[in-house]
Amino acid sequence: MMACSRMPWSGFLPRVFSPSLWLSSRARLVAARAIGVVALSIAWTSVQAQTSAPVDQPTEACRTAFLADLVPYQAEYTSRLAGLRLATTQSLSRTDQGYRLETRGRVLWRSMTEVSEFRVDHSGHLRPSTYSYDRNSRRHDHQLQFAADNHQVTAIYRDERHRLDGDSALHDPLTQQLQLQMDLACSDQSQGQPLQLAYTVARRDRLREYRFERINRTWLRTAIGWLDALQLLRTDTSGTRETRIWMAVEHFHMPVKIDYKERDGSQYRMEIESLRIGDHAIRGRASPPEQGPPATTNGDTVRVPGFDD
């Protein structure tokens, strides 16, 4: 659930929790930001999407069909940090008012919960109403409350209220991830077409901008098999953090792998363990298919020939 700039997916999964009782200060920094990146919270508030001129705007029909076919889903991710296994689960379900997107993480006795309640407007855009991030930490816990027009957010952080205003409709970290998936699914990704997306993300009491750029398309080996994956590069406003996200093209562009690099060079990886959409457990191919010119292999990836040559 890379989608891959809460991860991870702020928007991308890692923002899970701080193992502050058992890791060094540097490891705590990596864990706090990485486990919350893809959240794939793949880290990774308010969101505003913009596409570059060559990319067709996603259509209302495509967005509506995308969400209708995706609900419900459950994705499980795993990673290792300082010898410890970190487990994260993300799920999407319907509610009486709209939809609920939730991420839960656990390592040893520490846990984290992240929840977004949102609806879909007439044009197929996600409109969050409330968002909460809870890991029993005053430094990280916060809530977001959205105005009816989604142009204003009230952030409650460290017992203080902060007003955040945007020029257009705003999103939280979780809906940013899902909005990215929808934008990718409904955009023109034909050969030779550039793809760039930008999202203004509010985390805790401030706004940040995350930029996504398509790198390539590869066959990626995962725990659920080989997947046709779109690789994106996410950078933040300062340019000091870098996140690479692989998103499953044939499965609603779900984030399936996230590599996160901190400004001090620390690295973190989160990978898909299982994925269920509706009543179906998703499985990839047993091996990458042979098609066109011989593909080049690089570790667990095989480039799809002709996609962006």
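Predicted model: local features only at pLDDT ≥ 70, side-chain atom pairs only at ≥ 80, totals over all residues.
Residues are numbered from 1 along each chain as its sequence is written, and side-chain values use heavy atoms, without hydrogens or water. Local features need pLDDT of at least 70, side-chain atom pairs count only at pLDDT 80 or more, and totals for chains, interfaces and linings use all residues.

A search of the whole structure found 2 aromatic pairs. Rings of Phe, Tyr and Trp (its six-membered ring) pair if their centres lie within 6.5 Å; planes under 30 degrees apart count as stacked, over 60 as edge-to-face and the rest as tilted.

Phe66 and Phe252 form an edge-to-face pair. Their centres are 5.4 Å apart, with 75 degrees between the planes. The pair links distant parts of the chain, 186 residues apart. Phe66 belongs to helix α2 (residues 60–70), and Phe252 to the loop between β13 (242–248) and β14 (254–261). Helices (H or I, at least four residues) and strands (E, at least two) are DSSP runs, numbered from the N terminus. Phe66 is buried, at 5% relative accessible area. Phe252 is partly exposed, at 21%. Buried means under 20%, exposed over 50%, and partly exposed in between (1.4 Å probe, protein chains only).

Tyr99 and Phe118 form a stacked pair. Here the values are 5.5 Å centre to centre and 20 degrees between the planes. Tyr99 lies in strand β4 (residues 99–107) and Phe118 in strand β5 (residues 110–120), so the pair ties together parts 19 residues apart in sequence. Tyr99 is buried, at 14% relative accessible area. Phe118 is buried too, at 3%.
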